[in-house]
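Thanks, everyone. I will go through one structure, starting with the core and then moving to the contacts. Please keep the structure on screen.

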Amino acid sequence: MSNGNMNLTLKVWRQKDAKTPGKMVTYKAENISPDMSFLEMLDVVNESLTLKGEEPIYFDHDCREGICGMCSLYINGRPHGPKRAITTCQLHMRSFHDGQTITIEPWRAAAFPVVKDLAVDRSAFDRIQQAGGYVSINTGGVPDANEIPIPKVIADEAFNSATCIQCGACVAACKNASAMLFVGAKITQFALLPQGQTERWSRVQSMVAQMDKEGFGNCTNTGACEAECPKEITLMNIGRMNNDFFNAKFFKEEKAHEGVE
Amino acid sequence: MSEFKQTFNSSLGKKLIMALTGLFLCTFLIVHLSGNLALFKHDNGQAFNAYANFMTHFPPIRVISYILYLTILLHTIYAIVLTIRNRRARPISYVSGNDSPQAWSAKNMGILGSILFLFIVIHMKDFWFKYHKDDWSAKGAYTIPFKEYKTNLVTGEQISARDLPPGDYEYAVYNEGSVETMIAKDLNQTVEVAFKQWWYVLFYVIAMVTLSLHLLHGFQSAFHTMGWIHRKYKPIIYFIGTWLFAVIIPVGFAAMPVVYYFFR
């Protein structure tokens with residue numbers, strides 16, 4: 001499987017489980033092909049570790065085509081590695097050079113506890129979604145397509161926000177471990193569309209309340225999240241969330257959803 | 001928790017307080033700079049001393065000045081609270097640091113703000129406190145002497161400027177025919193003395209570079225936080241934040257000690 005000509009030094013965070021303290025461990029990755037993806041390179045390393053009878057490096061991955069949001073490695077000081085607008089699984093070894101030392105760490109945030117090695121628990125994002133990231137519509141007959149007219153500009157903007165794959169790179173990149181780009185995108189995708197209006201003002205309050213409860217940091221508008229987002233979600237989403245939040249708090253009747261303090 | 005408390009205890013609420021106090025301090029800078037431009041007049045400090053008296057005695061401005069002190073404290077306290085929370089949000093830091101592209105000023109607002117707070121304390125101790133101390137000390141035992149200016153009202157020219165001997169004075173303006181006499185506390189002299197020390201001038205210039213970097217990020221960031229951001233007017237906010245608040249205002253302030261050190 002490994003027949004390339006790249007030899008790399010890996011510094012990888014190893015942690016047995018959530019309760020055991022972890023440490024950086026150095027490994028050699030030998031005969032790596034530049035055409036391999038970053039995760040395939042880790043597969044090769046894991047294969048050799050297994051053959052040696054050692055515990056393989058545990059990391060999250062699923063679709064390996066940049067749409068599921070499962071892979072989550074902090075590579076050489078940047079989430080998803082040095083390239084713009086891609087996930088770790090879309091990163092190839094040709095982006096590195098022979099003999100390079102690569103540091104691989106998990107996402108670091110109090111709200112994302114390490115499960116094992118490089119895998120973190122991102123269920124905080126799910127709980128924020130559950131707090132209001134949906135549209136309540138009773139089931140019934142299938143409505144006609146294009147029954148509700150939506151201007152193309154609005155539809156496009158909403159779709160841009162909806163491309164968020166919940167990978168958590170924004171939190172990982174943020175110097176404050178803030179989740180506001182994620183929450184902003186989830187709020188914006190509904191706030192722009194007619195279907196999202198009914199719950200617009202309660203949604204923003206509930207989701208922000210849940211975000212605070214999870215222990216994420218506070219945005220300082222530095223823009224690292226925007227630069228690292230594999231789906232290129234913009235800071236404008238945070239601005240829209242802020243606008244909707246203060247609008248809801250100061251001028252609207254709606255309260256936060258029940259159950260969210 | 002009441003809804004009001006809930007709003008301002010949330011992450012966005014705390015950030016809103018940072019934004020609003022920050023923008024209030026920005027507007028103060030405009031007033032402070034335009035008033036202090038009187039320092040550049042070659043009139044032995046007459047205009048500046050009259051302005052200093054107005055700023056410290058006109059009741060509405062006194063009220064605003066107390067709001068200003070409170071604002072500085074609120075901005076500082078909330079910055080500390082938010083920073084502590086942000087540190088807690090990432091208990092274990094990255095071994096490989098953070099290489100994400102972001103502006104240096106944006107990443108270091110806390111350091112910049114701390115330098116500015118130190119500057120404000122020293123600045124107020126040297127001018128604000130000296131000026132106000134006399135109000136509380138015994139009559140006649142003044143640290144800042146008074147000066148008497150005589151102006152020809154017909155031509156508008158200054159006839160004389162005379163340092164008054166130590167004594168019991170109060171701010172006064174009166175006319176005798178076409179000659180106007182003004183007696184005012186000579187804060188201008190305090191400024192002159194302070195700005196003749198090279199290290200003091202250097203400290204002020206460093207502080208103004210700090211201010212420039214703080215506002216370069218701070219001004220536009222406040223608009224982001226308030227949610228007043230849109231592609232239609234974002235360039236205008238960035239333009240004002242960069243040219244007015246990060247260039248014109250800090251350069252204007254820094255010019256004062258520099259001009260006094262080299263040309264007075």
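This is a predicted model. The largest nonpolar core has 107 residues, and the members that touch the most others in it are A:Cys170, A:Val171, A:Leu181 and A:Val183. Which element gives the most to this core? That is helix H8 of chain B, residues 198-226, with eleven residues. From chain A, the core draws at least three residues from each of domain 1 (6-115) and domain 2 (123-251).

Now take A:Val183. Leaving out residues up to four places away in sequence, A:Val183 touches A:Ile128, A:Met207, A:Val208, A:Met211 and A:Met241. As a general remark, nonpolar side chains tend to be buried together in soluble globular proteins.

Next, the domains. Chain A is divided into domain 1, 6-115, and domain 2, 123-251. Their centres, taken over C-alpha atoms, are separated by 29 Å. The contact between them takes 18 residues from domain 1 of chain A and 16 residues from domain 2 of chain A. On the domain 1 side, the classes are eleven nonpolar, five polar and two charged residues.

Last, the two chains. Their contact takes 40 residues from chain A and 34 residues from chain B. On the chain A side, the elements giving two or more residues are strand S5 (101-105), helix H6 (200-214), helix H7 (224-228) and helix H8 (236-251). Of these, H8(A) gives the most, with nine residues. By class, the chain A side has 18 nonpolar, 14 polar and eight charged residues.

Key: Residues numbered from 1 in each chain as written. Chains lettered and ligands numbered in written order. Predicted model: local features only at pLDDT ≥ 70, side-chain atom pairs only at ≥ 80, totals over all residues. Contact = placed C-beta atoms within 7 Å. Helix = DSSP H or I, 4+ residues; strand = E, 2+ residues; numbered from the N terminus. Nonpolar A, V, L, I, M, F, W, Y, C, P; charged D, E, K, R; others polar. Domains from an automatic or database assignment. Core = buried A, V, L, I, M, F, W, Y, C linked by C-beta atoms within 7 Å. Buried ≥ 20, exposed ≤ 12 C-beta atoms within 10 Å, placed from the backbone.
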